[in-house]
Amino acid sequence: MNQTLSKKVLFGVVFLCFLLLVLQISYTDRIASIYKMISYSGTDSSGLFSMAGRRIFRAPKPSGPIQDIYPVGTKRCPKKPSKLKGPSKVDLEPENILSIEEKVRGSTPGGEHYPVCKPRYNVAIIIPYRNREEHLSVLLKNLHPMLRRQQVHYRLFIVNQAGSTTFNRGMLFNVGYNEAIKLFDWDCFIFHDVDLYPENDRNMYTCRNSPKHMSAYIDKFDYNLPYETIFGGAVAVSREQFERVNGFPNQFWGWGGEDDDFGRRIRKEYNITRDSDKIARYMMYKHGQESNNQPNPDRFKYLKVSHFFYEKDGLSNLRYKLLSLEAMLLYTNVTVHLDPLPVYNGTVDELLVQYDYPVTNPKFFYKSDNASDESMYYNFTYDEALSSMYS
């Protein structure tokens, strides 16, 4: 009797192991079937890294709903992931991409990761890029492990501006958003600079009912807000929020202005949230000013009148040439050519006169978007407020 019972128990255990193996293979195959691998060697069109001996994958077709990836009955991920560490040391040492690929295993091509549990959030991380190999390597090796501990379904999009034209961060964000939604129905978007690295994995890379300023406290500024209305570096917005404000402006060529304009668009419709200075902490990779990303001399002039063009300038007038869409192992490389998209008639100085703004105002940078009198202005200029970024 006991012998018969033991055989039944043993058979049950073997059958259960077999069932779990079948479910795991099914889960893996479902994810892998989205992609088709091809052999490749040489250099990718973006010039991000030397690719000799690396694998490149065809850009995937649009994925189906998340429920099609997971077997029926898959447990939902917890609201508070159990493997979070809290404050962590950022590894700022640049590393060869091949060694990072060896260390960061488990991603599907394109820098996409599905947790074993059914995710609560589907997050696209958009990173504007050009010729910042060291910064990107540091970001990849720090960000991937952290996002996996957070148990979100995510994908990294590196949006590379081809050529030597002046850099346009805002337009690259719009491009990344536009290309990302073609591949999956993402519900959350993180717009993220390549030289910022989170120090606390409890700073969740997810979206809320209100837009979130994630990189509020940066070592560059001694973990203080440089000014109250700042909304740059790394921010989280939902698809509905981003489309409602028409995305980022396309008119800011060169460094500065686009994040302030985007912040004003957001604050017009929503309240911005921030976590505490213990959680929303970032390190910035120190670097000099790039020759093709010099401060835009007209940025503060554009900011005076840009709110008149929110509906005309952004996602609604976005135009670009897609040169390549490549699914690398740790990221999706989106390489594009950008052209100016003028929405203003006349020069910016003519616009200032047209909309009854003084052409020069030493106290332009104000405390509130509703500032209407001189008492609301800070006692420093917009240039002075931002110059410490690269001092």
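**Entry 1: helix α4**

I began with α4, where Arg 169, Gly 170, Met 171, Leu 172, Phe 173, Asn 174, Val 175, Gly 176, Tyr 177, Glu 179 and Ala 180 are buried. Buried means under 20% relative accessible area, exposed over 50%, and partly exposed in between, with a 1.4 Å probe and protein chains only. Helices are DSSP runs of H or I with at least four residues, strands are E runs of at least two, and both are numbered from the N terminus. This is a predicted model: local features need pLDDT of at least 70, side-chain atom pairs count only at pLDDT 80 or more, and totals for chains, interfaces and linings use all residues. Numbering runs from 1 along each chain as its sequence is written, and side-chain values use heavy atoms, with hydrogens and water left out.

Why do I call α4 largely enclosed by the rest of the structure? Because 11 of its 12 residues are buried.

I then checked the span of α4, residues 169-180. The expected span is 1.5 Å times one less than the number of residues. That gives 16 Å for α4, and its end C-alpha atoms are 16 Å apart, which agrees. I looked for a cap at the N-terminal end and found Asn 168, with a side-chain oxygen 3.4 Å from the backbone nitrogen of Gly 170. The cut-off for a polar contact is a pair of N or O atoms within 3.5 Å; within protein, one must be able to donate a hydrogen and the other to accept it, and residues adjacent in sequence count only if both atoms are side-chain atoms.

Helix α3 covers residues 133-149 and reaches 25 Å from first to last C-alpha, close to the expected 24 Å. It is largely enclosed by the rest of the structure, because 13 of its 17 residues are buried. Gln 151 follows α3 and has a positive phi, near 55°.

Ser 107 sits in the loop between α2 (97-103) and β3 (112-113). Contact means heavy atoms within 4.5 Å. Beyond four places in sequence, Ser 107 touches Glu 112, His 144, Arg 148, Tyr 154 and Leu 329. Ser 107 and Arg 148 are 41 residues apart in sequence, with their C-alpha atoms 9.7 Å apart.

**Entry 2: Asn 246**

Asn 246 lies in the loop between α5 (239-244) and α6 (258-269). It is buried, at 10% relative accessible area. Its contacts beyond four places in sequence include Arg 265, Tyr 310, Asp 313 and Ser 316.

**Entry 3: a sheet**

I traced an open, mixed sheet of three strands in the order β7-β11-β9. β7 (196-198) and β9 (217-218) are the edges; each has a single partner strand, so one side of each lacks a neighbour in the sheet. Two strands pair if DSSP finds at least two bridges between them. Three bridges join β7 to β11 (residues 281-284), and the two run antiparallel. Tyr 197 stands opposite Met 283 in β11.

**Entry 4: whole chain and confidence**

I counted nine helices and 13 strands in the chain. Of its 391 residues, 52% are buried. Among contacts between residues at least 6 apart in sequence, 80% join residues at least 24 apart.

pLDDT is the predictor's confidence in each residue, from 0 to 100. The chain averages 78, and 68% of the residues score at least 70. Over residues 24-54 the pLDDT is below 50, yet this stretch has 72 contacts beyond near neighbours in sequence. Residues 358-391 also stay under 50, with 66 contacts beyond four places in sequence. Where pLDDT is low, the predicted coordinates should not be read in detail.
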